[in-house]
Amino acid sequence: MNARHAMRAIWRFPITRVAVFLILLLAVVYTGEYAFGLMWVALNRQTHINLLVSEIIQTALVFSVFVGMMRYAENREIISCGFQRDGILRDWGIGFALGTVLVCVVVFSLRVLGVYKIEAFQFSFDVFSALVLLLFAAFTEEIVFRGYILQTIERAWGTTMAVGISAFAFGFAHLMNEVSGASGSEKALSCLFLSLEAGLPLAAAYVLTRKLWMPIAMHWAWNFFEGPVFGTLVSGADFGKPLFRATMTGNFLLTGGAFGPEASLSGLVTGTVFAFALFAFAVKQDKWVPIKAAISEVTQDAASE
């Protein structure tokens, strides 16, 4: 095998392209955030509007890297990467409803256990600004994990490997979050829980629909109701004055600690059970790609080069 063939073989390895994608992503986003941050530091203003503008810019940067990789590395049209127009409103509505129900089940179970207590209802503009902010955040994360990582690995190694790798990549990416008051072991366990209770159902929503609209909407609704509505932390983040001012008391496994309810046992059980229900439905609908079929397709593509 000559050097050219060796380089092609390395490039066809899906993890290689995922690594290149992530490196480009970090380089572009951090460069953009640095330039944007300097501008706002010069203006000496830190507001919800600034955060929203920053999130929009970050989403645009991430999407540009995604488009470039899909077109030039994967040879795919963007419309086929989960952005098909048919059924957008249906998938969006179902996804938002499912995300809302899931987080309500988790919070209700915490309430029954005596862990979660509402102290007051309060109206604030923070809730509405967070609603828009979290939409862009969900869109960005779904492009990365269900848009590129899952789809790229699935085309080479099948759905099972793609779901597992993308789910754990999603969960442990949250190690980068600044979570005050959490030990290293608690943070690692929280990321493991997040991989299973959020990474799996979001992946299942994509596999079932073969579009990104449902996982984006689920992700958006989960974060919005978990934080700005019910007043708990979202992966360690606080989004200002919530609709319900509440307290969480109890040990780490019950409350999720500084990470929030998504790191609790209630979140783990609820999300994981729901994920496997969606997976079962996806298999029944013949949406699962076996590893043999994926390898066969990759082999044929390589032979045609």
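Here are some questions and answers about helices and a loop residue.

This is a predicted model, where local features need pLDDT of at least 70, side-chain atom pairs count only at pLDDT 80 or more, and totals for chains, interfaces and linings use all residues. Residues are numbered from 1 along each chain as its sequence is written, and side-chain values use heavy atoms, with hydrogens and water left out.

Q: Why are α6 and α7 called oblique to each other?
A: The axes of α6 (residues 159–173) and α7 (residues 184–209) cross at roughly 135° and come within 7 Å. Angles under 35 degrees count as roughly parallel, over 145 as roughly antiparallel, 65 to 115 as roughly perpendicular and the rest as oblique, so α6 and α7 end up oblique.

Q: Why does Ser 235 count as buried?
A: Buried means under 20% relative accessible area (1.4 Å probe, protein chains only). Ser 235 has 8% relative accessibility, so it counts as buried. Ser 235 sits in the loop between α8 and β2, and its contacts beyond four places in sequence include His 174, Leu 194 and Phe 259.

Q: How do you know what span to expect for α4?
A: The expected span is 1.5 Å times one less than the number of residues. Helix α4 (residues 88–112) has 25 residues and reaches 36 Å from its first C-alpha to its last, close to the expected 36 Å.

Methods: Axes fitted to C-alpha atoms, helices over the stretch in contact; angles between N-to-C directions. Helix = DSSP H or I, 4+ residues; strand = E, 2+ residues; numbered from the N terminus. Buried < 20%, exposed > 50% of the residue type's maximum accessible area, 1.4 Å probe, protein only. Contact = heavy atoms within 4.5 Å.
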